[in-house]
Amino acid sequence: MNRGLALKCLHCDSQEFHILYEMGSQPGGVPHPRPSGSYECVHCGHVADAAEQEAMVAKIQQEREAHEQGAKDDPEP
């Protein structure tokens with residue numbers, strides 16, 4: 001899952017992600033998985049690196065602001 005990050009895939013608008021891991025070695029040469037900092041969309045498989053994650057967060061923020069602006073423009077009956 002997205003580990004609490006607010007991400008939205010730029011390709012399919014999914015909000016479900018796995019964190020990707022890479023193999024690093026600890027002292028002593030024992031291979032050991034560590035987070036790579038990238039996320040993969042569960043639905044379309046698109047991999048988002050740090051720069052794309054920032055774009056996703058910005059997209060969500062813009063959508064929230066547009067939604068809030070729309071709510072202000074449409075008074076409730």
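# Cysteines, core and sheet

C9 is buried, with a relative accessible area of 0%. Buried stands for under 20% relative accessible area, exposed for over 50% and partly exposed for what lies in between, with a 1.4 Å probe and protein chains only. The model is predicted: local features need pLDDT of at least 70, side-chain atom pairs count only at pLDDT 80 or more, and totals for chains, interfaces and linings use all residues. Residues are numbered from 1 along each chain as its sequence is written, and side-chain values use heavy atoms, with hydrogens and water left out.

## Overall layout

The protein holds one helix and three strands, which follow one another from the N terminus as β-β-β-α. Helices (H or I, at least four residues) and strands (E, at least two) are DSSP runs, numbered from the N terminus. Of the 77 residues, 21% count as buried. Among contacts (heavy atoms within 4.5 Å) with a separation of 6 or more, 40% are between residues 24 or more positions apart.

The three strands make an open sheet in the order 1-2-3, with antiparallel pairing. Strand 1 and strand 3 (47-48) are at the edges with a single partner strand each, so one side of each has no neighbour in the sheet. Two strands are taken as paired if DSSP finds at least two bridges between them. Strand 1 and strand 2 pair over eight bridges in the antiparallel sense, and strand 2 and strand 3 pair over two bridges, also antiparallel. E40 of strand 2 has H18 opposite, and E40 also stands opposite V47 in strand 3. A hairpin is formed by strand 1 and strand 2, with five residues between them; in the turn, G28 has a positive phi of about 105 degrees.

G37 also belongs to strand 2. Its C-alpha atom is 7.3 Å from that of I19, 18 residues apart along the chain. Not counting residues up to four places away in sequence, G37 touches L20, A48, A50 and Q53.

## The nonpolar core

Which residues make up the largest nonpolar core? The eight are L7, C9, F17, I19, Y39, C41, A48 and M56. Strand 1 and strand 2 (31-41) each supply at least two residues of this core. A nonpolar core is a set of buried Ala, Val, Leu, Ile, Met, Phe, Trp, Tyr and Cys residues joined through side-chain atoms within 4.5 Å. In soluble globular proteins, nonpolar side chains tend to be buried together.

## The cysteines

How many disulfides does the structure hold? The number is zero, where a disulfide is a pair of cysteine sulfur atoms within 2.5 Å. C9 does not form one because its sulfur is 3.7 Å from the closest cysteine sulfur, in C44, too far for a bond. Seen from C44, the closest cysteine sulfur is that of C9, at 3.7 Å, again too far for a bond.

C12 lies in the segment before strand 1 (17-25). C12 touches C41, H43 and C44, leaving out residues up to four places away in sequence. The C-alpha atoms of C12 and C41 are 8.7 Å apart, and 29 residues separate the two along the chain.

Is K8 buried or exposed? K8 counts as buried, at 15% relative accessibility. The side chain of K8 makes a polar contact with the side chain of E63, at 2.9 Å. A polar contact is a pair of N or O atoms within 3.5 Å; within protein, one must be able to donate a hydrogen and the other to accept it, and residues adjacent in sequence count only if both atoms are side-chain atoms. Beyond four places in sequence, the contacts of K8 are D13, S14, Q15, F17, M56, K59, I60 and E63.

## Accessibility of selected residues

| Residue | Relative accessible area and class |
|---|---|
| K8 | 15%, buried |
| C9 | 0%, buried |
| C12 | 35%, partly exposed |
| G37 | 34%, partly exposed |
| C44 | 40%, partly exposed |
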